[in-house]
Amino acid sequence: MTPTGFARVAAVASLMLLAADASAQSIDEARSAYTDGRFVEAADLAEAIGTSEAYALAAQSLAVYAHYEATEEEWEEVVERAMQMGEEAVKADSTNPDAHYQSAHAVGRYAQRIGAWTALRQGLAGKIRDLLEATLALDPDYVHAILALGGWHADIDAEGFIARRMYGGRKEEAIVLFDRALELAPESKVVLHAYAIRLPYLDKENGKQRAREMLEKALALPVLDAYDDYAHLDVLDALDALNEG
């Protein structure tokens, strides 16, 4: 290769390294914004990067913002954007487990707001299940996907015979999945809360007492980021509801 050829190759390589470094810095900035609770900013930064990893982060940020902070007027626009980002994450890299999970997360936030039967009629329960199962096919130890699928089974089972017949949600499967999530992440506020709020239904005999113990354990754990702060408030609300029940 001529000296000029070497120079051209070196220049291209240098540009590629600079682009990779800029992308890494950008995703770090987006993650930092998410950790600090600047969820919309995190989504904007992540979307601009345009990778599967970044789209997944955008979907996550918007789903959290829609659930905890969005006004009634902006909620629909925010959650629709979250679902779009989830779809883009999967399109960009179908082998990325986080892409499938964050897509499920966004659709799940939408389903929560519109109500169980509306979500069932729209086929969203099946879509969420398929995305979670795709996540676990790629990463069997993805804790939040295990947890979410456990919640899916518990909630479908709780809706009654028709929902169980349509989608196959089973209480027994929910317990297996929740126990697995707890085994993998015993110090997670999110895991403890999600399991605890369903325990009175899953365990008629001892569920309330077990739920109280889990929630009290969750309260004692440190808050790690802005989302964990919201999880802490969820735990307080669940404990209040349990004490009032």
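In this predicted model, the side chains of Ser 52 and Asn 96 are joined by a polar contact of 3.0 Å. Ser 52 belongs to helix H3, which covers residues 52-68. Its relative accessible area is 7%. Buried means under 20%, so Ser 52 counts as buried. Beyond its neighbours within four places in sequence, Ser 52 is in contact with Ala 89, Ala 92, Asp 93, Asn 96 and Ala 99.

Aromatic rings were examined next. A pair of aromatic rings is described by two values, the distance of the centres and the angle of the planes. The whole structure holds six aromatic pairs. One of them joins Tyr 34 and Phe 39. Their centres lie 5.4 Å apart, with 65° between the planes, and the pair is edge-to-face. Both partners are buried: Tyr 34 has a relative accessible area of 8%, and Phe 39 has 1%.

Tyr 68 and Tyr 230 form a stacked pair, because their ring centres are 4.4 Å apart and their planes meet at 15°. Planes under 30 degrees apart count as stacked. This pair links distant parts of the chain. Tyr 68 is in helix H3, Tyr 230 is in helix H14 (residues 226-244), and 162 residues separate them. Ring pairs also bring in Tyr 227, giving a cluster of Tyr 68, Tyr 227 and Tyr 230.

Charged side chains lie over two further rings. Arg 113 sits over the face of Trp 75, 4.4 Å from the ring centre. Lys 171 lies over the face of Tyr 201, at 4.6 Å from the ring centre.

Note on methods: Residues are numbered from 1 along each chain as its sequence is written. This is a predicted model: local features need pLDDT of at least 70, side-chain atom pairs count only at pLDDT 80 or more; totals for chains, interfaces and linings use all residues. Side-chain values use heavy atoms; hydrogens and water are left out. Helices (H or I, at least four residues) and strands (E, at least two) are DSSP runs, numbered from the N terminus. Buried means under 20% relative accessible area, exposed over 50%, partly exposed in between (1.4 Å probe, protein chains only). A polar contact is a pair of N or O atoms within 3.5 Å; within protein, one must be able to donate a hydrogen and the other to accept it, and residues adjacent in sequence count only if both atoms are side-chain atoms. Contact means heavy atoms within 4.5 Å. Rings of Phe, Tyr and Trp (its six-membered ring) pair if their centres lie within 6.5 Å; planes under 30 degrees apart count as stacked, over 60 as edge-to-face and the rest as tilted. A charge sits over a ring if NZ of Lys or CZ of Arg is within 6 Å of the ring centre and within 35 degrees of the ring normal.
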